[in-house]
Amino acid sequence: MPEVHGWAAWLEHTELAVWIRQDLWLYPILEIVHIVGIVLLVGPAWMFDLRILGFAENISVVKLADHFLRWSRRGLFLILPSGLLLFITQAATLVANPVFWLKLSLIGLAGLNAWLFHRLVFTSVSSWDSHKATPVAAKMIALASLMLWVMVISCGRLLAY
Ligand code: HEM
């Protein structure tokens, strides 16, 4: 993909990318923002998934979704801008790295999985909101969510070496 690499090389030579790369503090600050965003997104998502898998059946799924998934979405406002800014500092290396594309694909799958949850199972939540077994489809989606986020985090860690 030479044209993509050319575009990526241009990106990492922009003033912004050079500034972030050369400044002593900017890069580590962006990494911290990225990680705080990950905590906000993945932490509540995991707790919600565990509830769907059958833990703490006394807690209402609707109330948990309202509180936890709201914070998960807010996490994206930290993860996406910081991720993009980290990306531009080493764009050419990253676009040539299959782990980077795997990570983005897994993020896409995790998003699709969350959409499926809302589309397929959350619509009937009133019949299994609390003190009831969650549908098998919901459990499968929750398990997929747990695994997808572990894989996204693993890819992120591999990129940071
Ligand atoms: C949405 C969920 C995401 C998760 C869970 C995630 C997770 C991670 C993790 C765990 C790290 C390692 C941090 C470290 O050890 O210092 C990382 C690094 C990184 N992430 Fe993400 N990330 C996400 C989204 C993105 C996006 C959308 C981009 C950009 C397109 C991105 C770009 C990067 C880059 C470039 C690094 C490497 C930083 C370095 O080399 O120090 N991330 N990510």
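## About the model

The model is predicted, with local features needing pLDDT of at least 70 and side-chain atom pairs counting only at pLDDT 80 or more, while totals for chains, interfaces and linings use all residues. Residues are numbered from 1 along each chain as its sequence is written, and side-chain values use heavy atoms, with hydrogens and water left out.

## Overall picture

Let us start with the fold. The protein has seven helices and zero strands, giving the pattern α-α-α-α-α-α-α along the sequence. Helices here are DSSP runs of H or I with at least four residues, strands are runs of E with at least two, and both are numbered from the N terminus. The C-alpha trace spans about 55 × 35 × 25 Å along its principal axes.

Of the 161 residues, 34% are buried (buried is under 20% relative accessible area, exposed over 50%, and partly exposed in between, with a 1.4 Å probe and protein chains only). Taking contacts with a separation of 6 or more, 80% join residues 24 or more positions apart; a contact means heavy atoms within 4.5 Å.

## Surface and charge

## Helix H3

Helix H3 (26-52) has 27 residues and reaches 39 Å from its first C-alpha to its last, close to the 39 Å expected at 1.5 Å a residue. The expected span is 1.5 Å times one less than the number of residues. Buried residues of H3 include Leu-30, His-34, Gly-37, Leu-41, Phe-48 and Ile-52, and charged names such as Asp-49 and Arg-51 are also among them. The buried residues of H3 pack against helix H2 (15-22), H4, H6 and H7.

## Helix H6

Helix H6 (residues 98-121) has 24 residues that should span 34 Å at 1.5 Å a residue, and its end C-alpha atoms are 33 Å apart, which agrees.

Buried in H6 are Phe-100, Lys-103, Leu-106, Ala-110, Asn-113, Phe-117 and Val-121. An α-helix has 3.6 residues a turn, so residues three or four places apart point the same way. The cover over the buried residues of H6 includes H3, helix H4 (61-89), helix H5 (91-95) and helix H7 (136-159).

## The loops

Now for the loops. H3 is followed by Gly-54, whose phi is positive, near 115°. Phe-55 sits in the loop between H3 and H4 and is exposed, with a relative accessible area of 54%. Between Phe-55 and Ala-96 there are 41 residues of sequence separation and 42 Å in space, C-alpha to C-alpha.

Ala-56, also placed in the loop between H3 and H4, has a positive phi of about 50° although it is not a glycine. Ala-56 counts as partly exposed, at 39% relative accessibility. In the loop between H6 and H7 lies His-131, likewise not a glycine but with a positive phi, about 60°. His-131 is exposed, with a relative accessible area of 60%.
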